[in-house]
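User: I would like to learn how to read the features of a protein model one at a time. Please give the general idea before each case.

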Amino acid sequence: MDPRAERRICVTLSHLASELSKRPAPVQCADTSDASSLDVRELTSSFFFPRYAEDRMKVFELLRTNPIFRLQHGLSLPEQRALCHRQCLALAASGLFHCDDMITDSTRFFARLEPLCYHEASLNLRFGVHIGLFAGTILTMGTERHQHLIPLINSYKLRGCFAMTELGHGSDVQGLLTEAVYDKATGEFVMRTPCDLAQKFWIGGLAEYGNIATVFAQLIIDGKRYGVHAFVVPLRDEQDRCLPGVHIEDVGVKQGANGVDNGRLWLDEVRIPRENLLNRLGDVAEDGTYSTSFATNGGRFMAMMDTLLAARINVGYTGNNLAKLGLIITSRYLTTRRQFSLRPTEETALLDYPSVQRRLLPFVAKCYAYHWFSRKVFAKSVTLKEKVLAGTFQKSDQREMHMYAAASKVMGTYHQNDCLQICRELCGGMGYHAENRVGVLLSDWHAHLTVDGTNLMLFQQVAKSVLDSHREVLMDSELREEFKQKLQREQAALSSRISSSWCTDQGFLLALFALRVNIRIVQVAEEMQVHIMAGKGGRLAWDLSMDRVWALS
């Protein structure tokens with residue numbers, strides 16, 4: 001061995017031995033139960049839904065006091081599903097959840113639904129599909145003739161499913177293959193699954209307990225297609241046997257949230273009354289005449305999707321809530337867990353290490369930012385829903401809301417996943433324990449990245465919306481050049497303002513952010529133009545510019 005290397009090793013060992021001899025004895029973990037004088041209840045109420053603080057607390061109290069909601073680990077698949085079903089029955093029996101609140105007071109509806117995400121994934125997802133998506137389609141796409149279903153939904157006698165996704169089509173809703181053919185002779189719709197790719201897939205609550213669904217299918221009259229519409233389709237009888245023509249299979253074990261009985265659905269010439277069409281946006285008369293207030297089928301389709309935006313926004317909002325829960329669990333652990341020493345008299349709490357703080361605290365800041373952004377988006381969605389129901393919405397409202405909803409969902413769920421991953425690591429070995437919950441949250445809620453529109457598609461929707469808002473400038477070479485020169489002047493002006501206080505100047509930061517966005521808009525447009533001039537089509541040019549698109553979104 002090199003004498004110099006041997007000497008360095010000896011010195012290092014000597015230092016280590018010296019440090020080990022000075023290590024203090026372990027001390028008791030710090031008691032942080034009374035560490036704060038803050039009124040947590042008051043702070044929580046003002047931070048979330050101030051007007052509905054009591055509504056939220058009633059749900060939290062139900063989850064805390066009713067033994068059916070006690071968290072259980074290690075259950076078999078049938079046990080998990082049976083427990084989730086009993087919990088849904090208990091929620092319905094509590095009288096706290098009324099799906100019609102979604103129309104009359106949507107803020108109260110979501111304020112009461114929110115505590116479920118902190119409790120357990122399967123319950124939140126299953127009950128949310130029933131009272132949110134299934135009931136939501138009936139309330140927003142249906143009319144007076146469907147109102148008799150509402151009490152049965154609230155009581156959970158009707159156990160609803162939301163059958164949109166197919167094996168061959170998820171994000172591409174307009175491409176759904178399931179058919180609803182109108183039979184004039186009987187005044188019925190004939191529901192059919194024309195091929196295996198058309199089977200409804202991932203349908204929550206379907207495999208064992210669901211007895212009715214809103215099914216999205218292509219409406220066909222006399223061989224003419226009128227686009228995707230929603231239909232109320234009964235699935236099981238009172239003995240929970242599949243009705244004639246209804247074929248259901250189990251999806252099986254999933255990565256997480258196995259209390260939800262996801263299923264697959266085939267419909268073989270299943271007949272339903274004409275009145276089962278949810279007809280607010282488009283209707284079929286008894287003689288087969290189709291009517292709608294929309295000039296184009298595309299406009300009607302977009303209005304239909306608008307009514308579902310609240311669910312997408314809620315996914316992003318829930319993602320941020322899960323990040324908060326992970327941070328609470330992790331912060332408590334890091335405050336009480338001590339190891340190694342920064343001071344000679346006691347071991348140091350892990351949260352006191354700068355290396356830990358650097359990984360944890362940025363996610364705390366993001367939680368605050370995403371919380372208020374989500375609240376703003378939710379308020380916009382309430383306004384848009386009112387306009388849709390009143391028939392007064394504008395295309396500009398529609399485009400903006402789709403952009404906000406997509407951005408909220410992408411940011412909230414990526415933040416959820418990244419934050420929980422870091423929390424899992426910071427909790428060390430204890431983060432792998434089921435009772436720690438962080439690892440379970442990470443696995444159970446990972447589906448958020450692809451549910452309600454995969455993030456891969458939604459971030460492109462955000463970028464496209466931003467580009468569309470600048471279409472007039474970008475399509476004209478002279479206007480585009482003027483726009484670039486304007487950006488150069490703004491960049492020079494902002495550069496001259498940089499000082500030691502710039503990081504606390506909100507106006508400066510917003511201007512800097514706007515400049516960056518506008519520069520990236522130009523970069524996307526110019527790169528696409530290069531590909532188009534080279535003979536590539538618009539769609540291919542978009543795909544070839546994806547690095548720029550991603551940076552913009």
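Analyst: Start with burial: a residue is buried under 20% relative accessible area, exposed over 50%, and partly exposed in between, with a 1.4 Å probe and protein chains only. Asp 222, at 59% relative accessibility, counts as exposed. This is a predicted model, in which local features need pLDDT of at least 70 and side-chain atom pairs count only at pLDDT 80 or more, while totals for chains, interfaces and linings use all residues. Residues are numbered from 1 along each chain as its sequence is written, and side-chain values use heavy atoms, with hydrogens and water left out.

User: Where is Asp 222 in the chain?

Analyst: Helices (H or I, at least four residues) and strands (E, at least two) are DSSP runs, numbered from the N terminus. Asp 222 sits in the loop between β5 (212–221) and β6. By this assignment the protein has 20 helices and eleven strands.

User: What is there to note about phi of Asp 222?

Analyst: Most residues other than glycine have a negative phi. Asp 222 has a positive value, near 50°. Trp 202, also not a glycine, has a positive phi of about 70°. Trp 202 belongs to strand β4 (residues 200–203) and is partly exposed, with a relative accessible area of 48%.

User: How should I read the overall numbers?

Analyst: Begin with extent: the C-alpha atoms fill a box of roughly 95 × 70 × 55 Å along the principal axes. Of the 553 residues, 47% count as buried. Accessible areas come from the Shrake-Rupley method with a 1.4 Å probe, and for residues only the protein chains shown count as cover. The protein exposes about 28,100 Å², and carbon and sulfur atoms supply 55% of that area.

User: What do contacts say about the fold?

Analyst: A contact means heavy atoms within 4.5 Å. Among contacts with a separation of 6 or more, residues 24 or more positions apart account for 71%.

User: Which residues does Phe 189 touch?

Analyst: Leaving out residues up to four places away in sequence, the contacts of Phe 189 include Ala 180, Val 181, Tyr 182, Leu 219, Phe 231, Ile 272 and Val 284. Phe 189 is in strand β3 (residues 188–192) and is buried, with a relative accessible area of 0%. Sequence distance and spatial distance can be set side by side here: Phe 189 and Asn 276 are 87 residues apart in sequence and 8.4 Å apart in space, C-alpha to C-alpha.

User: Is His 85 buried or exposed?

Analyst: His 85 is buried, at a relative accessible area of 15%. Helix α4 (residues 77–93) contains His 85. Apart from residues up to four places away in sequence, His 85 touches Tyr 156, Arg 159 and Tyr 209.

User: How many salt bridges does the structure hold?

Analyst: A salt bridge is a side-chain nitrogen of Lys or Arg within 4 Å of a carboxyl oxygen of Asp or Glu. The structure holds 26 salt bridges. One of them joins Arg 225 and Glu 179, at 3.0 Å from N to O. Arg 225 lies in strand β6 (residues 224–234) and Glu 179 in strand β2 (residues 179–183), so the pair ties together parts that are 46 residues apart in sequence. Arg 225 is partly exposed at 47% relative accessible area, whereas Glu 179 is buried at 13%.

User: Which residues are linked in a network of salt bridges?

Analyst: Glu 179, Arg 192, Arg 225 and Glu 269 are linked in this way. Two further pairs can be read by the same definition. Arg 241 pairs with Asp 237, their closest N and O atoms being 3.0 Å apart, and Asp 237 is partly exposed at 22% relative accessibility. Arg 274 meets Glu 275 at 3.4 Å, N to O; Arg 274 counts as buried at 15% relative accessibility, and Glu 275 as partly exposed at 37%.

User: How far apart are the mean positions of the positive and negative charges?

Analyst: Lys and Arg count as positive and Asp and Glu as negative, with His and the chain ends not counted. Each charge is placed at NZ of Lys, CZ of Arg, CG of Asp or CD of Glu. For the 63 positive and 61 negative charges, the mean positions are 4 Å apart.

User: Which residues form a nonpolar patch on the surface?

Analyst: Patches are made of residues with over 30% relative accessible area and no salt bridge; like charges are joined within 9 Å, and nonpolar side chains (Val, Leu, Ile, Met, Phe, Trp, Tyr) within 5 Å. Ile 498, Trp 502, Leu 509 and Leu 512 form such a nonpolar patch, with about 340 Å² of accessible area together. Trp 502 lies in the loop between α17 (477–496) and α18 (506–533) and counts as partly exposed at 34% relative accessibility.
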